[in-house]
Amino acid sequence: MKLTMITITSQGWQVQLPSGNQQQLTDLPQANAKSLFTIIQSEPTDGGILYCELPEIITFPEGTFELSQWLTENLNLPFLTNVKVDEFPEKAADLCWHLDYYGYRPGKDEYSVESLLTVGNGYLGLRGTTPEMEISDDSYPATYLASLYNTAYSQVQDRTIANEDFVNAPNLQKIYLIIDGEKVAMSETQVTTLHRSLDMRNGLMTSRSQLSLVDGRSLTIETAKFASMAQRECYSLRYRFTPDFDGTIQVVTEADGTVYNYNVARYRSLENRHLDVLKTAVAGPHALLAARTKDSHITVLQESFLRSPLLETYELQTEITDEKVFQSLTIEAHCQQWYELEKTIHVTQYRPDEEQPALHLSPENPAERFPDFSTLLDLSAAAWQVLWDNAAINVTGDFMSQKLLNLHTYHLLSSASPIGNVNLDASVTARGLHGEAYRGHIFWDELFILPFYILRFPETARQLLLYRYHRLPAAKTEAQKAGYQGAMFPWQSGLDGTEQSQELHLNPISGEWKEDHSRRQRHVSLAIAYNVWFYWHNTEDHQFMKDYGLELILEIAQFWQSIATFDPTTKRYGIAGVMGPDEFHEAYPGAEKGGLKDNAYTNMMVVWLFEELANLKETFGTEVFQQIQAKTGVTDDLVSKMEKIRHQLTLDINPDGIIAQFDGYFDLLDLDWDHYRAKYGNVYRLDRILNAEGLSADDYKVAKQADSLMIYYNFSKNQVEEILQDLGYREQLPEDYVSRNLHYYLARTSHGSTLSRVVHAQLAAMVDEKELAWELYQEALYSDYRDIQGGTTAEGIHAGVMAATLYIPLTTFAGLDVREEVIHINPNLPAAWSAIAYHITVKNVNYYVKVTTTEVILTTSADTRVIIKGKEVPLTASEQLVYPYHDEQNKN
């Protein structure tokens, strides 16, 4: 193994390259680091080891890093500090399972770190704060429970505005120290050092900080916390500290019911207090706080139990107020001696229609009800290991991609899991259980999220789909209110499935109220139908389809046939008043009314839906299908109308074979992209830039994200061609129409949504633009980790992008296609990867798949078959198949 050795002393930095060449660096640390980066690149190396008395912490404009961490991230090679050479391989492999942050940068940067250090299990999520942190502009501790929503009413000018929010639940994580009347706080003036680390294998977040007091004395504090993946209602904290002095220290822990929502700056002027505290109680180490949301009347009950050797020596003082519980120990501490406290919390929520809990401390022995920190952690770690065995994607040759794949998998499992979501009436929010952006609502992002679960944890996917089924009555009501039939699911869905998008929004500059058109993104219903189909196609869960799935699909199809109108002039159907995935275009230039006509993505998805309806009718038979028809009121005449619409929906295609994003798109103005990039640099939110100049994105050929091209994310090229054939348009398109459309829209897209990069990456690979595909994929993969959108990660992770970056490696790069009757594998590995390995479950068969640059290696749990590079290959249960494909690829 070729290793670079770096020794750091007070005299300077000594660098020894694998060849034996040595160099000395004597500049300031930041300059030395940049020189070191260049030197290491001068010859091949497998990584390196830093030797230093203390970790070398350096602050760069992009953040504070430990030197080996900074080298690892920028060179994409493992670097470690103070390890033995023979330990290097094992320790290096361990690096990609850890997320580390050094220093304290209060504000938006700190908020982003907290989002990425969140611990969760699908039922609850805890932002990555330390126990001392308070709700403020600097930091934001929060406890989120899946589907805990409340509507609050705010006065904005002359209107009362209702907003349903994702509620920050009472904070029982709070632990802090008081010394000589001074509260030891996590503030810039008191933080000397801070290192936080998340172990993604077991969901344990740890921190180590050195905090200074006003008189110069200091303490070292170590904390750890996790949300149990074995017992979903439990989370636990461990708090340790040691002073550099002898003296009296008070250790305080709280149950705090005075919390409020504060994560998203633009919401702060609105009503943000959602809870009434119903009960506080304490009996020694056992405490209780019960609260209820003000409007939705959901009861949240939290109980906690303390453990500490200090309880044997010192008296625990307790105090309760109407909204808080205080428990404290006043100890005589000694210099350099460690003191420890554990707190385990049990949290449950109850809807108004459920039996309500008794609001008093349980008479059961709390020591038995609340496992200690280590026991609970061991159980949780074992549960995590089972999840990783099913969900991990392993790539060879690319350290940072591996780390970020682990990170994204971890956060999806923290947002929904087989344990956390059992019988839970919730889905995955756009920002997970990590923040309050989009008010914690559920969008079409499910289209990108559910395949992760469908292919690995189908029982969890089934539960997430039931969230939509349980809100089918609300979707039918929404359609009726709008004058349509069937089910019109809302763009923003929360507690009960009613539309949570605002009807009006206030322009803070002009002071005028305008219609909010975002609810016209009716394609969210098509995403739900697609997920039902994708689940059915890959699980063959007949009972689910009979009980729920067919009804969902038929009601959604009913809506789309009712919104389509026939044009006797063109002899085709059209769909008006909708928006596509590109949110920049809400209306036609100068139009008072929102919505567009014949959005290409929407219309092609409707054609697919009607095609699939015919297939489902054939699969389930007339008797079952007629039962669902009777339940939904979809007559045979309506089914016949859907069949007719399937062949007569409208697309606008120009002579070059470009499929218009919507009717009239080609009449819009061209934008001088070079001018705007030169003037603003970052043009991701080009709509806001144009608005600031008194212009509108509605007037220009610009896009926030993939729209027409989105169809190729959902379906293979062959499936799209069937849609175009059904519509009678395929013959007028040139052979290279996919490539033409990709480049046409890529040149007009600002990528204001990170999802855009994922979709374009898949398309680029389809037309053999490998470098472009890799570039776009890497941007998406790093998007939250580097917070490329300028602070949005502070408001929660982007769950849809994270899920999509876990899908693209399987489909675009490993060449997996599970949308046909038989699994297809057509490897297309990026140059940076020499292999990829993963597990999936399709139609009750478990697959282990490894793709290298020359072979496909498969093991299955049952006899089956796959198609590799166009050739059918039989597989025998539990027997490994090694299929060489490189030579065959070269021949082709």
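**Helix packing, sheets and selected residues in a predicted model**

Helix 20 (residues 755-766) and helix 22 (residues 799-813) pack at an angle of about 10°, and their axes lie 9 Å apart. Helix 20 is therefore roughly parallel to helix 22 (angles under 35 degrees count as roughly parallel, over 145 as roughly antiparallel, 65 to 115 as roughly perpendicular and the rest as oblique). Axes are lines fitted to C-alpha atoms, for helices over the stretch in contact, and angles run from 0 to 180 degrees between N-to-C directions. Helices (H or I, at least four residues) and strands (E, at least two) are DSSP runs, numbered from the N terminus. The model is predicted: local features need pLDDT of at least 70, side-chain atom pairs count only at pLDDT 80 or more, and totals for chains, interfaces and linings use all residues. Residues are numbered from 1 along each chain as its sequence is written, and side-chain values use heavy atoms, with hydrogens and water left out.

Helix 20 contributes Leu755, Val758, Ala761, Gln762 and Ala765 to its contact with helix 22. From helix 22 come Gly800, Val801, Ala804, Thr805, Ile808, Thr811 and Thr812. Contact means heavy atoms within 4.5 Å. By class, the contact of helix 20 with helix 22 holds seven nonpolar, five polar and no charged residues (Ala, Val, Leu, Ile, Met, Phe, Trp, Tyr, Cys and Pro count as nonpolar, Asp, Glu, Lys and Arg as charged, and the others, Gly among them, as polar).

Strand 1 (residues 4-9) pairs with strand 2 (residues 12-16) in the antiparallel sense over five bridges. Two strands pair if DSSP finds at least two bridges between them. Ile8 has Trp13 of strand 2 as its bridge partner. A hairpin through two residues joins strand 1 to strand 2. Strand 2 also pairs with strand 3 (residues 22-25), antiparallel and over four bridges. Here Gln14 is bridged to Gln24 in strand 3. Five residues separate strand 2 from strand 3 in their hairpin. In that turn, Gly20 has a positive phi of about 100°.

Five strands form an open sheet in the order 15-14-20-25-24, with antiparallel pairing. Strand 15 (182-184) and strand 24 (317-320) are at the edges, each with a single partner strand, so one side of each is left without a neighbour in the sheet. On average, neighbouring strands of this sheet are turned by 25° against each other, direction ignored. Strand 24 pairs with strand 25 (residues 324-333) in the antiparallel sense over four bridges. Ile320 stands opposite Val325 in strand 25.

An open sheet of four strands has mixed pairing and the order 32-33-37-38. Its edge strands, strand 32 (816-817) and strand 38 (871-875), each pair on one side only. Strand 33 (residues 823-825) and strand 37 (residues 864-868) are paired in the parallel sense over three bridges. Ile825 has Ile868 of strand 37 as its bridge partner. Lys869 lies in the loop between strand 37 and strand 38. Its phi is near 50°, a positive value in a residue other than glycine.

Tyr847 belongs to strand 35 (residues 845-852). The residue is buried, with a relative accessible area of 6% (buried means under 20% relative accessible area, exposed over 50%, partly exposed in between, with a 1.4 Å probe and protein chains only). Not counting residues up to four places away in sequence, Tyr847 touches Ile823, Tyr838, His839, Ile840, Val842, Leu858, Thr859, Thr860, Thr864, Val866 and Leu875. The side chains of Tyr847 and Thr864 are joined by a polar contact of 3.5 Å. A polar contact is a pair of N or O atoms within 3.5 Å; within protein, one must be able to donate a hydrogen and the other to accept it, and residues adjacent in sequence count only if both atoms are side-chain atoms. Tyr847 and Leu858 are 11 residues apart in sequence and 6.9 Å apart in space, C-alpha to C-alpha. Asn844 is found in the loop between strand 34 (835-842) and strand 35. Asn844 is exposed, with a relative accessible area of 63%. Its phi is positive, about 65°, although Asn844 is not a glycine.

Gln648 is in helix 14 (residues 636-648). Gln648 is buried, with a relative accessible area of 18%. Its side chain reaches the backbone oxygen of Lys571 at 2.9 Å. In helix 8 (residues 446-454), nine of the nine residues are buried.
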